[in-house]
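Student: I would like to learn how to read a model of this kind, feature by feature. Could you take me through it, giving the general idea before each case?

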Amino acid sequence: MDSRSKHIRRALLLAITTIWILSQNARAQSADQAWLKYAPIHASSSIPSNVLPLGDSPLEQSAAQELKRGLAGLLSESPAHNSSVIAIGTVNEIRAAYPQIAIPDVPDPEGFVLTQARKNNRIDWVIAGGRDRGALYGAFALLRILSESQKLPGSAVRSTPAMPIRWVDEWDNADGSIERGYAGRSIFFEGGKVRDDLKPVEEYARLLASVGINGCNVNNVNNAAAFLEPQMLQNLARAAGAMRPWGVRLAISVDIASPQKIGGLATYDPLDPKVKAWWSAKIDEIYALIPDFAGFTVKADSEGQPGPASYGRTPADAANTLAAALAPHNGVVLYRAFVYNHHLDWTDPKADRARAAYDIFHPLDGKFLPNVIVQTKEGPIDFQVREPVSPLFGGLTETSQALELQITQEYTGQQRHLVYLAPMWKEVLDFDMRVGDRSTPIKSILAGTAFHQPIGGGLGPPRTGLRPWGGGMIGVAGVGRDAWLGSPLALANLYAFGRLAWDPNLTPEQIAEEWTRQSVSADEAVVQKVDAMLMRSWPAYENYTGPLGLQTLTDITGTHYGPGIEGSENNGWGQWHRADREGVGMDRTVATGTGYAGQYPPEVANIYENVATTPDDLLLFFHHVPYAYKLHDGKTVIQYLYDSHYEGAATAAQFVREWESLKGRIDPALYENMLPRLEYQAGHAIVWRDAVVQYFLKLSGIPDEHGRAGNYPNRLEAEDAKLTGYQVVDIKPWEDASRGKAISCTQGPQGGAQRSCSTEWVYNGAAGNYDIAIQYFDLQGGVAKFTLTVNGQSAGPEANWSADASLPNRHLHGDNSTRHIVPNVELKPGDAIRIEGIPDGPDSAALDYIELSPATNSPLNSH
Ligand code: GCU
């Protein structure tokens, strides 16, 4: 394609994208934008065309409404005209209407059976729920089965959720911002109140119900006190009402100091009778407004939040005070085990944040009331790209437990990077903790079956006051007004979370396939390609960020996004990896380290204690080893660091080409939405790769066997060019820019702002056509503009661009280092390559380097 037609193509794409964005804005936010699309299927004429709810409960009505809507879409190209019905009801209602068929018992109120029944010479389909909630989940299951396989299986389908608690947490603030949210503002709150327009909340609940999620905790775990104010509770009752038709119960995060902060008491000591009475009255007030209120989430004694430790009390004391008041209403307390000291002494080799949850909560096992569920992040640190499974799951055998995962991609690329997290979650769910030297996979612990017999499941309280309530899974979702999760492919994570919480025996591949068929296309070739991208995305991200158990090597006191390798060292937060000149990794063994490995049951502890048996992907989490230490395949740690970063970045680049191969096979709007995201990711993966690789090259002094690290033959550094107006600046951290330096157009000679700056290189390579990648910094708060010319002539239709992306950080940093590619530029020795940068406010049109590679669309390189 010549550059003119490419220009036209780009202009067209831009127009389509603009129209798409405008239409999305004009259109109300709806669940159809996610996976509930109900695209037409090649349906058999035997699919009943009528829907019959047998009961009048609101959930059955919702189920009927969804079936009608779903069938209208699925059958739109092959409408069925028959007298058969899809009957929806509880088991009892179905038995009454179809006495001739044997419907099995469904003891779990959330479970269901799908089957067929002959009646009056017609074949009806029936959805029999344990109770009406089960009927609702059955309706969604039936629609999912139809979307995927176009027909109902020959034999009855029976399904019950593996665990009773299946919640999403939103970390929304009352002002409408979202802690660690990457998809715009809150759908729940704005300006200190619940939003007037709750249609998106209703649609969200519909989406959640479709994958069996039954609770939604709506506010941030931090700064939660205001949510218990009477006015806010009235507001929250409206939000609960919007989710109720879809069986999603509202929960809120509470601040343990609320009795003092908003209740006017002198204390918040959980054992003080006045404090207990305050909580009881407050909880009664909540239930008077929200009769099906689900419960509280508590973050206490953590990252500056107040907690029982202020009074020498334990988490069990605090949790039980709340739980006792919630119990008569059938509410629960999700007490977070994310309790740790963030003022640790970094110089103390025995200090270890990873130990905190187990050290604090294990001694309290058996001391919690039955409606307390201890909620633990999957790993002992904080949602890193990889961590070992938290040993606390094996350390609480008398307590209900929930696994907290992040759907919002805080440390995993913030939705700008494609990272399908189901494979990570699945590894956690399948991980066998070997408590008591017998099989105790995490999923059985969450289901409440590992240490006790099942307790009857469902939403009800325990049958006896002594047994735990049963656990579950919590997904921190962070949905916002920007198409739920911003990136369309990120929605696979929300979908997968719900599906795994319902059935942790599903595989990530199965789930990806289900999601893709419903959300992208049922075209086999498309399904295969998209699923392959999803499945490779987490390993790729791990490779180009922090492999071998190093965790995401990002600045942990900053944005948690771009590279910042030392950002986690030398401070009290305890996310250390202890890289030094000789080696890397944190010694967490019992023998010589912090003793963390000993928190696991013996069989697992032995594996991690011994460097030879520790799996490579967790090696540096448990051990400090020399750079020349050999992994299981004989490769050295340092060489693995180099190789994995190059491999990861190469995979990200492949994603762009794979997505391009879907053009014309998928919805053009989806295609155009996703393509620039993947192009951005490919560029940012290079920022990550180079940062980590040059950092470890400098620190270790050991060269890359393949000669790539620190060696960029096709790169022209900005600081080496002839600069007019631009000034050379040091980047912090240094590894975030090529050779640590960039150029920035900030101050003029008299101290006034620059109007524009330029940089010029004289080309002295071989003549030919090149793609020129320009690595620049896109700072918040302004839109800098750039122009690329060769010998004073524009370098083509892509030669003018604006730094208008929305990237984190107000300083020049790997967070906002990004690239623009000007394709197919003809160059010969002696040519002057010049970039002019026009800064805009704080955006200083800063540049790192340009990189030349043979043009992919050049006639000389056609493919
Ligand atoms: C992470 C996250 C915080 C959050 C905390 C938590 O540290 O960065 O924003 O408050 O987890 O889970 O409580």
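Student: Into which domains is the protein chain divided?

Tutor: In this model, which is predicted, the chain is divided into domain 1 (40–159), domain 2 (165–504) and domain 3 (715–854), with bounds that come from an automatic or database domain assignment.

Student: How many residues does each side give to the contact between domain 1 and domain 2?

Tutor: The centres of domain 1 and domain 2, taken over C-alpha atoms, are separated by 33 Å, and the contact takes 16 residues from domain 1 and 18 residues from domain 2. Between them, domain 1 and domain 2 bury about 1400 Å², and 50% of this area is on carbon and sulfur atoms.

Student: Now to the sheets: what is the order of the strands in the open sheet of five strands?

Tutor: The general idea is that strands of a sheet pair through backbone hydrogen bonds, either parallel or antiparallel. Here the open sheet has the order S1-S2-S4-S3-S5, and its pairing is mixed. Strand S1 (50–53) and strand S5 (157–159) stand at the edges with a single partner strand each, so one side of each is left without a neighbour in the sheet. Direction ignored, neighbouring strands of this sheet are turned by 25° against each other on average.

Student: How many bridges join strand S3 to S5?

Tutor: Strand S3 (residues 112–119) and S5 run antiparallel and are joined by three bridges; phenylalanine 112 stands opposite serine 159 in S5.

Student: And which strands form the closed barrel?

Tutor: The closed barrel has eight strands, running S6-S9-S10-S11-S12-S13-S14-S15 with parallel pairing, and the twist from one strand to the next averages 25°. Strand S6 (residues 165–172) and strand S15 (residues 472–476) run parallel and are joined by five bridges, and the bridge partner of arginine 166 in S15 is methionine 473. Helix H6 (residues 230–243) lies across strand S9 (215–219) and strand S10 (249–254), and runs at about 145° to S10.

Student: Where is proline 733 found?

Tutor: Proline 733 is found in the loop between strand S20 (727–730) and strand S21 (741–744), and the peptide bond that leads from lysine 732 to proline 733 is cis, with omega near -5°.

Student: Finally, with which residues is aspartate 778 in contact, leaving aside its neighbours within four places in sequence?

Tutor: Those residues are Ala803, Asp804, Ala805, Leu807, Asn816, Thr818 and Asp843. Aspartate 778 itself lies in the loop between strand S23 (768–777) and strand S24 (785–790), and because its relative accessible area is 1%, it counts as buried. A polar atom of the side chain of aspartate 778 lies 2.8 Å from the backbone nitrogen of alanine 805. Aspartate 778 and alanine 845 are 67 residues apart in sequence, yet 7.4 Å apart in space, C-alpha to C-alpha.

Note on methods: Residues are numbered from 1 along each chain as its sequence is written. This is a predicted model: local features need pLDDT of at least 70, side-chain atom pairs count only at pLDDT 80 or more; totals for chains, interfaces and linings use all residues. Side-chain values use heavy atoms; hydrogens and water are left out. Helices (H or I, at least four residues) and strands (E, at least two) are DSSP runs, numbered from the N terminus. Buried means under 20% relative accessible area, exposed over 50%, partly exposed in between (1.4 Å probe, protein chains only). Contact means heavy atoms within 4.5 Å. A polar contact is a pair of N or O atoms within 3.5 Å; within protein, one must be able to donate a hydrogen and the other to accept it, and residues adjacent in sequence count only if both atoms are side-chain atoms. Two strands pair if DSSP finds at least two bridges between them. Axes are lines fitted to C-alpha atoms, for helices over the stretch in contact, and angles run from 0 to 180 degrees between N-to-C directions. Buried area is the accessible area (1.4 Å probe) that two parts lose on being put together, summed over both.
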